[in-house]
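Dear colleague,

Please find below the structure that I am handing over to you. My notes on it follow.

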Amino acid sequence: VEEEVEETKEGKWICSVCGYEYKGELPFEEVPEEFVCPLCKQPKSKFELRFLYFLAFQNQIHSRSSPP
């Protein structure tokens with residue numbers, strides 16, 4: 001039986017120093033260069049675009065639990 005699989009990716013701007021995730025109203029590219037991380041005060045240049053990949057299986061929910 002073949003399953004239809006959909007792969008999606010979502011980019012998030014993450015501070016490379018402390019891991020803070022930018023969730024502002026403006027797209028990150030439009031944020032002024034003076035922006036600093038609200039947690040560790042590092043400059044905008046320390047943020048990296050990271051992608052999370054998701055696999056969606058048609059009509060199924062797959063979950064994975066940690067080993068005991």
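A nonpolar core is a set of buried Ala, Val, Leu, Ile, Met, Phe, Trp, Tyr and Cys residues joined through side-chain atoms within 4.5 Å; buried means under 20% relative accessible area, exposed over 50%, and partly exposed in between (1.4 Å probe, protein chains only). This is a predicted model, in which local features need pLDDT of at least 70 and side-chain atom pairs count only at pLDDT 80 or more, while totals for chains, interfaces and linings use all residues. Residues are numbered from 1 along each chain as its sequence is written, and side-chain values use heavy atoms, with hydrogens and water left out.

The largest nonpolar core consists of 6 residues: C15, Y22, F28, V31, C37 and F47. Beyond its neighbours within four places in sequence, F47 has contacts (heavy atoms within 4.5 Å) with residues including W13, Y20 and F35. Of the 68 residues in the protein chain, 12% are buried.

The whole structure contains 3 salt bridges, each a side-chain nitrogen of Lys or Arg within 4 Å of a carboxyl oxygen of Asp or Glu.

- K12 pairs with E21, with the closest N and O atoms 3.2 Å apart; E21 is partly exposed, at 24% relative accessibility.
- E33 and K44 meet at 3.4 Å, N to O. E33 is exposed, with a relative accessible area of 59%, whereas K44 is buried, at 8%.
- E48 pairs with R50, the closest N and O atoms being 3.0 Å apart. E48 is partly exposed, at 36%, and R50 is also partly exposed, at 37%.

Yours sincerely
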